[in-house]
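Here are my notes on the model, point by point. Please read them with the structure open.

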Amino acid sequence: MPENIYTIIIVLTGFALLILGLNIHEAAPFLGFVLAGAGGMYALQRGGWLLKAGELIKRTRRTYYASLALCLLAYPLIFTWLQSPYWIHVATLAGVYVCLALGLNVVVGFVGLLDLGYVAFYAIGAYSSAIFFHHFPQARWAFWLLLPATALLAGIIGLCLGSSSLRLRGDYLAIVTLGFGEITRIILTNWDTLTNGPKGISGIPGPVIARYSFDKTPGFGLPRVANYYFLIILLACAIGMAADRLNHSRIGRAWMAIREDALAAESLGINVTVIKLLAFAVGAGFAAMGGVVYSSLIGFVDPMSFTFMESAMILCMVVLGGMGSIPGVIIGAIVLVVLPEKLRDFQQYRMLIFGAALIMMMIFRPQGLIPSRRRKQELLEEEDESGTPAFEHPPLE
Amino acid sequence: MNNLKRYLALISISGVLACQSGGGAKQEEKVFKLGAVLPLTGPAAAPGNEMNNAVLLAVDEWNSSNKLSGYKVTLDSKDDAADPKQAVSSAHALMSDSLVAAVVAHLNSGCFLPASRIYHENGVAAMSGATTNPEITQQGYPEIFRLCTTDLVQGELTVPYLKEAGYTKIAIIHDKTQYGQGLAQVVKDACPKSGIEVLSFDGINVGDKDFKAILTKIKDQTPDVIYFGGMYDEAGLIVKQMRDLGMTQQFVSDDGAFGQDTIDAGGVATEGAMFTMVGKPLTEMPQVAEFLTKYEKRFGVKVQNYGPYAYDVANILLTAISKVISRIGGVDKAAIVQELKQMEYDGVVGHTAFDEKGDTKNKVITIYRVQEGKFVPLKTMGM
């Protein structure tokens with residue numbers, strides 16, 4: 001039993017520090033906070049405390065998840081109490097990107113296919129819902145149908161893209177997907193009659209469930225955006241669980257086998273094409289669901305929101321968090337949404353510091369924040385062999 | 001799961017070393033904030049920073065003027081990077097601060113459209129000096145104001161002028177952006193009414209450098225005037241390449257291309273090109289010269305385009321706030337909105353009052369022609 005209490009203490013301390021960090025408004029103390037955090041973590045790792053805490057959490061998993069859920073529930077209440085609904089909005093946005101990063105992780109992390117046009121599926125989700133509501137503004141309950149329907153649509157488009165491009169490998173596949181992302185954006189820009197062109201579609205309504213409208217406050221003084229917060233938490237959890245289940249299923253093993261050696265996998269009887277296509281479709285579906293929530297959250301979509309930079313950003317989240325690691329990717333997405341918001345205090349130096357932080361990560365922690373065990377092992381082995389850390393997979397240069 | 005613990009440990013330790021941040025107790029000072037959300041980085045950073053500087057200038061003047069009944073105002077600028085998503089985040093960030101009394105809102109229509117709802121929900125007045133998409137004020141939010149005329153006004157006033165000048169066949173080019181295409185569409189729709197024939201309506205991409213293909217096509221259609229809806233870089237290059245191809249037609253463009261940058265990009269080819277800009281010519285208004293000198297003295301650069309608008313937006317908002325303060329002795333957001341509705345203000349860009357939608361009643365544009373590398377006003381028209 002005391003072990004459970006230790007777990008709760010660990011989670012609550014972490015949560016309290018997160019709240020504290022978000023509430024530091026001055027630029028310099030925040031930077032100090034982050035540096036102190038990095039230093040502290042290094043010290044903990046050196047002292048072997050991280051390992052111990054990890055084993056503890058593993059033993060008390062139920063308590064761990066229960067206390068995490070409690071924190072997620074408390075989060076909007078705390079920021080309402082602090083009169084800072086801004087951070088609830090940022091958390092919601094982070095949730096959207098968690099969905100996207102989890103989806104891209106299936107393609108890049110699990111199967112090892114570099115997809116540089118992933119934003120296309122996000123755009124398809126967001127635009128499908130926007131176009132639907134533009135024509136049927138009253139049918140707000142349809143949001144719940146749109147969620148699976150656009151996922152299916154994006155999945156099918158993912159299959160089409162995959163079936164035509166999967167005979168390419170590595171860099172060549174990356175270039176084709178990059179092209180696909182651009183084609184999607186250009187179609188959105190030019191198909192005026194359907195997408196309203198560069199002007200975008202505005203006035204996308206919030207969903208309604210059993211007469212409960214997302215445009216109203218959910219009570220307890222919570223702002224409207226808290227509705228979306230809870231929705232995206234549920235969706236992200238569902239997607240995370242689905243990704244985890246898939247990863248540990250036969251399909252997940254097949255993905256891993258293909259990532260390591262497609263030829264060997266095929267010789268063992270795995271249908272490489274079908275399994276790769278499945279990964280594309282699953283990833284596309286996750287992104288589309290994120291897109292549907294995004295369009296209702298922001299209430300406006302335009303083609304400029306779905307540029308290549310967005311694809312690159314989502315890829316950064318996957319790489320920063322740790323390719324193939326679900327908790328890693330979740331943390332990666334949260335960090336890359338929260339950090340630029342937090343760095344607003346630096347004004348025009350914002351993107352400079354952001355870029356520097358990413359470069360530092362690549363130097364000091366190339367395997368990502370929370371690497372999958374397998375990749376960590378790989379990097380260590382490569383380091384042993386050649387003396388320098390190698391990072392050849394996937395080819396990013 | 002081995003991994004999760006690291007993150008937990010990271011955040012656990014980090015806080016211990018950062019305890020200095022426990023925010024000091026709030027003092028009962030008489031302060032409020034003027035928010036500003038403008039593109040300080042990204043593709044629209046140049047006009048965004050100019051507007052931000054102009055707002056800063058206004059804020060400093062009010063602070064040193066003593067007209068705020070003992071109150072001090074600070075400027076809280078947020079960056080929207082011309083991105084709708086960041087605009088909404090920034091709007092939320094400002095609205096989370098109860099000291100923010102009013103907001104100098106966005107440069108881009110695509111940013112103001114989604115963000116306006118956030119201002120509306122919080123009952124905070126937001127006024128933009130540059131967003132021209134008509135949809136923004138059609139949403140019916142009483143907190144939303146706009147100082148510049150919409151694309152509708154600019155487009156619809158441009159066309160009769162072209163007719164009057166004797167042009168009958170027009171070729172329209174736009175840059176496929178919300179702004180450029182939106183304005184080009186208004187011009188296109190207004191042409192039949194004035195009896196001008198629209199020969200073509202083509203889009204180019206922002207960032208393109210070579211427009212000769214599209215211009216050659218247009219050349220064969222023999223229009224007598226070419227209209228471009230877009231921004232300065234492309235406008236300058238298009239007019240340059242027109243002249244290179246031997247096309248002597250009149251080139252007309254919009255307020256997005258009204259700036260020294262167009263002349264810099266196009267060189268001597270821009271001679272004779274015409275541009276529309278919202279408002280009266282700045283040279284006709286004595287207050288403008290004063291503002292331009294002040295701006296140049298403070299920031300060391302010349303005002304290019306929307307600086308005067310941002311300056312007026314800030315001054316109008318602060319005037320409303322100061323009236324509210326002197327009337328009820330405090331900053332009340334709803335009272336500020338009411339005050340703005342009946343505001344009559346004579347500023348740098350002329351006389352401002354707002355209609356029931358929140359748009360300015362000062363619906364005036366001026367046509368300029370480039371002569372010897374300078375914009376010379378030809379005619380001022382109103383609705």
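1. Ser69(B) is partly exposed, because its relative accessibility of 36% falls between the 20% and 50% cut-offs. This is a predicted model, and the backbone here deserves a look. Phi of Ser69(B) is positive, about 50°, although the residue is not a glycine. Ser69(B) sits in the loop between helix 2 and strand 2 (72–79) of chain B.

2. Ala82(B) has a positive phi too, near 60°, and is not a glycine either. Its place is the loop between strand 2 and helix 3 (84–95) of chain B. Ala82(B) counts as partly exposed, with a relative accessibility of 22%. For background, most residues other than glycine have a negative phi.

3. Next, the domains. Chain B is assigned two of them. Domain 1 takes 31–149 + 284–352, and domain 2 takes 152–278 + 365–382. The C-alpha centres of domain 1 of chain B and domain 2 of chain B are 30 Å apart.

4. How many residues of each domain are in contact with the other? Domain 1 of chain B gives 14 residues and domain 2 of chain B gives 13. About 1100 Å² is buried between domain 1 of chain B and domain 2 of chain B, with 49% of it on carbon and sulfur atoms. In domain 1 of chain B, the residues that lose the most area to domain 2 of chain B are Thr149(B), Gln304(B) and Asn305(B). Together they make up 41% of what that side buries.

5. Now the polar count. Between domain 1 of chain B and domain 2 of chain B there are zero salt bridges. One residue pair is in polar contact, both residues being at pLDDT 80 or more. On the side of domain 1 of chain B that touches domain 2 of chain B, helix 2 (45–65) and helix 4 (109–122) of chain B are the elements that give two or more residues. Helix 4 of chain B provides the largest share, three residues. That side of domain 1 of chain B divides into seven nonpolar, seven polar and no charged residues.

6. Tyr306(B) is worth checking by eye. It lies in the loop between helix 11 (286–299) and helix 12 (307–328) of chain B. Is Tyr306(B) buried or exposed? Tyr306(B) counts as buried because its relative accessibility, 6%, is under 20%. Leaving out residues up to four places away in sequence, Tyr306(B) touches Glu50(B), Met51(B), Leu107(B), Gly129(B), Ala130(B), Asp255(B), Met277(B) and Val278(B). The side chains of Tyr306(B) and Asp255(B) make a polar contact at 2.2 Å. The C-alpha atoms of Tyr306(B) and Ala257(B) are separated by 12 Å, with the two residues 49 apart along the chain.

7. Thr158(B) belongs to helix 6 (residues 151–164) of chain B. Thr158(B) is buried, at 0% relative accessible area. What is Thr158(B) in contact with, leaving aside neighbours within four places in sequence? The partners are Tyr227(B), Val252(B), Thr276(B) and Ile365(B).

8. Last, helix 13 (residues 333–341) of chain B. Its buried residues are Ala335(B), Ile336(B), Val337(B), Glu339(B) and Leu340(B). The cover over these buried residues includes strand 3 (100–105), strand 4 (125–128), strand 5 (144–146) and helix 12 of chain B.

Terms used. Residues are numbered from 1 along each chain as its sequence is written. Chains are lettered from A and ligands numbered from 1 in the order in which they are written. This is a predicted model: local features need pLDDT of at least 70, side-chain atom pairs count only at pLDDT 80 or more; totals for chains, interfaces and linings use all residues. Side-chain values use heavy atoms; hydrogens and water are left out. Domain bounds come from an automatic or database domain assignment. Contact means heavy atoms within 4.5 Å. Buried area is the accessible area (1.4 Å probe) that two parts lose on being put together, summed over both. A salt bridge is a side-chain nitrogen of Lys or Arg within 4 Å of a carboxyl oxygen of Asp or Glu. A polar contact is a pair of N or O atoms within 3.5 Å; within protein, one must be able to donate a hydrogen and the other to accept it, and residues adjacent in sequence count only if both atoms are side-chain atoms. Helices (H or I, at least four residues) and strands (E, at least two) are DSSP runs, numbered from the N terminus. Ala, Val, Leu, Ile, Met, Phe, Trp, Tyr, Cys and Pro count as nonpolar, Asp, Glu, Lys and Arg as charged, and the others, Gly among them, as polar. Buried means under 20% relative accessible area, exposed over 50%, partly exposed in between (1.4 Å probe, protein chains only).
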